[in-house]
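Take a walk through this structure, one step at a time. The sequence and the model come first, and the explanation follows.

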Amino acid sequence: MLDSRASTYPDHRCPKRMMIEMSPERGGVHYHSETEPAVGETFHVDYVAGYDGKPAIVTGDRGILLPVTLHRDAPNHVRATYTSALQVMATSDRTLSADGNVMKIVTVSHDAFGQSQTTIGIYHRDADQVGCGSNVPCLVAHHPTTR
């Protein structure tokens, strides 16, 4: 569950709802999210990526999105880098707490004017979910509207 009070979104663009599921897959992770933005239709995003830094295709309801590369530098930390034409468009640092119950995602991207923007999402493990493995716990996050 996303702790919306502890999370920070630029320009109050907090989605009405967001769900993230991650599970281990082929030396990496399967990422799936469902987002209901404050304005517009709900959309899904999916990818399967290894932690080897090789680009993986990201797909969603809106087609193919920016490719992602993952690098795991600690058991509880992964950096996701999104690129376009060999230029970094955004990075997301995902850090899982020692007990596996809280995930912090810090995303740095640039707006249309080139200004850096930082989003911080704090997610709590859904009590109804069971762990998917000791190396990559399954996390499910729901993002209620509060902002």
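A charge sits over a ring if NZ of Lys or CZ of Arg is within 6 Å of the ring centre and within 35 degrees of the ring normal. Arg72 meets this rule: Arg72 lies over the face of Tyr51, 4.7 Å from the ring centre.

A word on the source. This is a predicted model, in which local features need pLDDT of at least 70 and side-chain atom pairs count only at pLDDT 80 or more, while totals for chains, interfaces and linings use all residues. Residues are numbered from 1 along each chain as its sequence is written, and side-chain values use heavy atoms, with hydrogens and water left out.

Now the overall plan. The protein chain has 0 helices and 10 strands. Helices (H or I, at least four residues) and strands (E, at least two) are DSSP runs, numbered from the N terminus. Along the sequence the pattern reads β-β-β-β-β-β-β-β-β-β. Of the 147 residues in the protein chain, 39% are buried. Buried means under 20% relative accessible area, exposed over 50%, and partly exposed in between, with a 1.4 Å probe and protein chains only.

Next, the interior. In soluble globular proteins, nonpolar side chains tend to be buried together. A nonpolar core is a set of buried Ala, Val, Leu, Ile, Met, Phe, Trp, Tyr and Cys residues joined through side-chain atoms within 4.5 Å. The largest one here has 24 residues, and Ile20, Tyr31, Tyr47, Val68, Leu70 and Tyr123 have the most contacts inside it. Among the strands that each supply at least two residues of this core are strand 1 (17-25), strand 5 (63-74) and strand 8 (102-110).

Which two residues form a stacked aromatic pair? Tyr31 and Tyr47 do, at 4.9 Å centre to centre and 5 degrees between the planes. Rings of Phe, Tyr and Trp (its six-membered ring) pair if their centres lie within 6.5 Å; planes under 30 degrees apart count as stacked, over 60 as edge-to-face and the rest as tilted. Tyr31 belongs to strand 2 and Tyr47 to strand 3, 16 residues apart. Both tyrosines are buried.

Charges come next. The structure holds 2 salt bridges. A salt bridge is a side-chain nitrogen of Lys or Arg within 4 Å of a carboxyl oxygen of Asp or Glu. Asp93 bridges to Arg79, with the closest N and O atoms 2.8 Å apart. This pair links distant parts of the chain: Asp93 in strand 7 and Arg79 in strand 6, 14 residues apart. Asp93 is buried, because its relative accessible area is 17%. Arg79, at 37%, is partly exposed. Glu25 forms a salt bridge with Arg26, again with the closest N and O atoms 2.8 Å apart. Here Glu25 is partly exposed at 27%, and Arg26 is exposed at 71%.

Last, look for open space. On a 1 Å grid over the protein atoms alone, a pocket is an open set of points where a 1.4 Å probe fits, with protein on both sides within 12 Å along at least five of seven lines; lining residues have an atom within 4 Å of a point. The largest pocket is lined by 36 residues, of which Met18, Phe43, Thr107, Ser109 and Thr119 lie nearest its centre. Its volume is about 1300 Å³, taken as the space filled by probe spheres set on the points, which are joined across faces, edges and corners.
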